[in-house]
Amino acid sequence: MSACNKSKRSRKLFDPDSAIPFKVSRSKIDLYLECPLCFYLDRRIGIGRPPSFPFTLNSAVDRLLKKEFDIYRKSGESHPIMKEYGIDAIPIDHEKLDDWRNSLRGVQFLHRPTNLLIFGAIDDLWQNSNGELLVVDYKSTSIYEKITSLDKEWHKGYKRQMEIYQWLIRQNDYKVSDTGYFLYCNGNSNRERFDARLEFVLTIIPHVGSDSWVEGLIFEIEKCLRESTPPKPSSDCEYCAYRHAISGYNISNI
């Protein structure tokens, strides 16, 4: 094995000559949809976008929600908010839930035609009375308006995220409902005082997903990875626009 190939594998980059399945996460699929060039530079060359700031408050909300729903999971009961929204389901104590929630493992499926190992970590899993699994995704924010629908431009990514999870679980031979749920937690900043406490309004928003687009996109991603030259950037990619804007400057003299 050449030093170049060893370096690529140690950095988890795509090697066209390797027979080892190449892992592609749900977030990297989203990166490809945002900008094929940024995806190629990240997964093939090893030049990633600058990291964003960690959403530590959002992560805390996620952890607490999981703990809370696990209480009802162990007792086999519906959470009160599920009853409030008339959802005929319970949080299921699934044997693979711990793995599927783990960001390093997640729900995995080897797409053999491309040799790409697709994976993604879910937040929660419910089951309805028909025995279908329901994918649940937690979201948290703090805005003044009441959250009743997912109609913003960035919500398209949320819906794709859920549909990829639905596809992954189906590929693992489980019966999955087309309907998934977003549990949205909206922090209330209208209180007169903080008092070391942040209160949330919880809303459940259903989404009827379709995963028919997923496999075709996997073939498209594999084709992109195998190209010897980088693809063109997306016209609205801010990162590529920034790279282009500074390319004519000698920044060593700044």
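Asp124 and Arg101 form a salt bridge, with the closest N and O atoms 3.6 Å apart; a salt bridge here is a side-chain nitrogen of Lys or Arg within 4 Å of a carboxyl oxygen of Asp or Glu. This pair links distant parts of the chain, since Asp124 sits in strand S5 (residues 124-128) and Arg101 in helix H6, 23 residues apart. Helices (H or I, at least four residues) and strands (E, at least two) are DSSP runs, numbered from the N terminus. Both Asp124 and Arg101 are buried. Buried means under 20% relative accessible area, exposed means over 50%, and partly exposed is in between, with a 1.4 Å probe and protein chains only.

Before going on, the ground rules. This is a predicted model, where local features need pLDDT of at least 70 and side-chain atom pairs count only at pLDDT 80 or more, while totals for chains, interfaces and linings use all residues. Residues are numbered from 1 along each chain as its sequence is written, and side-chain values use heavy atoms, with hydrogens and water left out.

Back to Arg101. Arg101 has a relative accessible area of 14%, so it counts as buried. Asp70, at 24%, is partly exposed.

How many salt bridges does a search of the whole structure find? The search finds 23. Another of them joins Glu227 to Lys223, where the closest N and O atoms are 3.2 Å apart. Salt bridges that share partners also join Arg191, Arg193, Asp195, Arg197 and Glu199 into one network.

Next, a sheet. Three strands make an open sheet in the order S1-S4-S3, with mixed pairing; two strands pair if DSSP finds at least two bridges between them. Strand S1 (22-25) and strand S3 (107-111) are the edge strands, each pairing on one side only. From one strand to the next, the twist averages 25°. Strand S4 (residues 116-120) pairs with S3 in the antiparallel sense, over five bridges. Within that pairing, Phe109 stands opposite Ile118 in S4.

Which helix lies across S3 and S4? Helix H7 (residues 155-171) does, running at about 70° to S3. On the angles: axes are lines fitted to C-alpha atoms, for helices over the stretch in contact (heavy atoms within 4.5 Å), and angles run from 0 to 180 degrees between N-to-C directions.

Last, two backbone items. Asp173 has phi near 70°, a positive value in a residue other than glycine. Asp173 is in the loop between H7 and strand S7 (179-187). Is Asp173 buried or exposed? Its relative accessibility is 72%, so Asp173 counts as exposed.

Ala196 is not a glycine either, and its phi is positive at about 55°. Ala196 lies in the loop between S7 and strand S8 (200-208). At 71% relative accessibility, Ala196 counts as exposed.

That is my list; I'll take questions.
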